[in-house]
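Thanks for coming. I will go through a few contacts in one structure, starting with charged pairs and ending with helices.

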Amino acid sequence: MTKLNRTISIAPMMDWTDRHDRYFLRLISARALLYTEMVTTGAIIHGDAERFLRFDPAEQPLALQLGGSDPEALARCSEIAEGYGYREINLNVGCPSDRVQTGRFGACLMAEPETVAACMAAMKSATSLPVTVKTRIGIDDLDSYDYFKSFIERVAQTGVGTFIIHARKAWLTGLSPKENRTIPPLNYDRVYQLKNDFPELEIILNGGITTCEEIDAHLEQVDGVMIGREAYQNPYFLAEIDRRYYGVEDNAPERREVVEDMLPYIEREMARGFPLKSIPRHMLGLFQGRPGARAWRRHISENAHLKDANPSLLTDAAAKTR
């Protein structure tokens with residue numbers, strides 16, 4: 001299997017990076033590695049696995065992020081995911097929400113390095129796909145560099161070679177998930193130090209990255225960069241990615257071309273019974289910073305939910321931009 005290029009990836013984001021959003025982002029960047037929303041092991045094993053794991057082949061390269069803390073369940077889900085054609089399985093050790101903590105997974109697992117190591121060992125034994133970890137630099141009072149380093153070292157002993165690090169600590173109590181994405185200060189130097197201490201590991205940096213100039217600076221210190229909210233709120237930011245970081249000579253499609261390219265997909269999904277409103281909500285930021293961006297957003301927001309709405313509302317909305 002060809003080694004995954006993780007130079008640029010798009011973060012797994014709950015309620016945002018569903019398959020409709022990923023298809024849309026793929027029209028802008030053909031090369032950036034995409035991640036699913038976090039999917040819990042229970043949803044796959046006891047729920048509708050097809051609903052949670054199905055994706056369009058056009059989304060590749062695509063990685064699945066799992067949430068869980070039971071090694072046997074994670075191993076089973078990794079095996080199932082390989083059958084669906086994912087290119088990587090990632091374990092969430094970074095989400096701080098109360099709901100996730102109640103299920104004993106996400107960022108609270110940073111306090112349990114032996115549990116995480118057991119999970120990763122089980123996942124590695126169940127699949128030939130690369131398995132990776134996405135984590136924070138610390139939680140609550142477990143926020144020293146020495147603790148962070150020892151956590152990574154223990155998990156790496158299982159043979160895991162890729163770590164995606166959100167360069168903020170997480171507070172498990174007192175802050176909402178949204179606040180945990182902005183209030184704890186970014187500490188890029190801690191991630192840089194980790195790479196210096198473990199040069200053999202692939203270290204991907206995540207957190208607060210909004211420009212290609214910032215990406216360039218980080219890539220001098222780490223192996224890859226993961227983009228989060230900026231890729232959702234300003235998706236055309238990705239238009240430069242393939243040319244700049246993957247050597248693709250062709251320019252990305254113009255914004256209106258992206259709109260046109262989405263129409264056949266939307267028609268297919270509506271024919272399958274999916275409501276129109278579930279798709280263009282991911283496209284609201286496409287014209288961010290351009291004349292008419294507000295009119296584009298307003299037209300979609302006011303009309304996508306209507307009973308007789310059809311894909312032409314996107315071309316109507318795009319006509320309001322310049």
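A salt bridge here is a side-chain nitrogen of Lys or Arg within 4 Å of a carboxyl oxygen of Asp or Glu. Keep in mind that this is a predicted model. By that rule, Lys 195 and Asp 223 form a salt bridge, at 2.8 Å from N to O. The two are 28 residues apart, with Lys 195 in helix H9 and Asp 223 in the loop between H10 and S8. Lys 195 is buried, at 13% relative accessibility, while Asp 223 is partly exposed, at 30%.

How many salt bridges does the structure hold? There are 15. Another one joins Lys 169 to Asp 143, with the closest N and O atoms 3.0 Å apart. Lys 169 sits in the loop between strand S6 and helix H8, and Asp 143 in the loop between strand S5 and helix H7, so this pair ties together parts that are 26 residues apart in sequence. Lys 3, Arg 6, Glu 88 and Glu 202 are linked in a network of salt bridges.

Now helix H10. Its buried residues are Cys 212, Ile 215 and His 218. Viewed down the axis of H10, they fall within an arc of 120 degrees, so they line one face of the helix. They pack against several elements, including strand S1, helix H9 and helix H12.

Last, a helix pair. The axes of H4 and H6 come within 8 Å and cross at roughly 35 degrees, and the crossing is right-handed. The residues in this contact divide into eight nonpolar, one polar and two charged. Among them are Leu 74 in H4 and Met 123 in H6.

Terms used:
Residues are numbered from 1 along each chain as its sequence is written. This is a predicted model: local features need pLDDT of at least 70, side-chain atom pairs count only at pLDDT 80 or more; totals for chains, interfaces and linings use all residues. Side-chain values use heavy atoms; hydrogens and water are left out. Axes are lines fitted to C-alpha atoms, for helices over the stretch in contact, and angles run from 0 to 180 degrees between N-to-C directions. Helices (H or I, at least four residues) and strands (E, at least two) are DSSP runs, numbered from the N terminus. A crossing is left-handed if the near helix is turned anticlockwise from the far one by less than a right angle, and right-handed if clockwise. Contact means heavy atoms within 4.5 Å. Ala, Val, Leu, Ile, Met, Phe, Trp, Tyr, Cys and Pro count as nonpolar, Asp, Glu, Lys and Arg as charged, and the others, Gly among them, as polar. Buried means under 20% relative accessible area, exposed over 50%, partly exposed in between (1.4 Å probe, protein chains only). The arc is that of the directions from the helix axis to the C-beta atoms.
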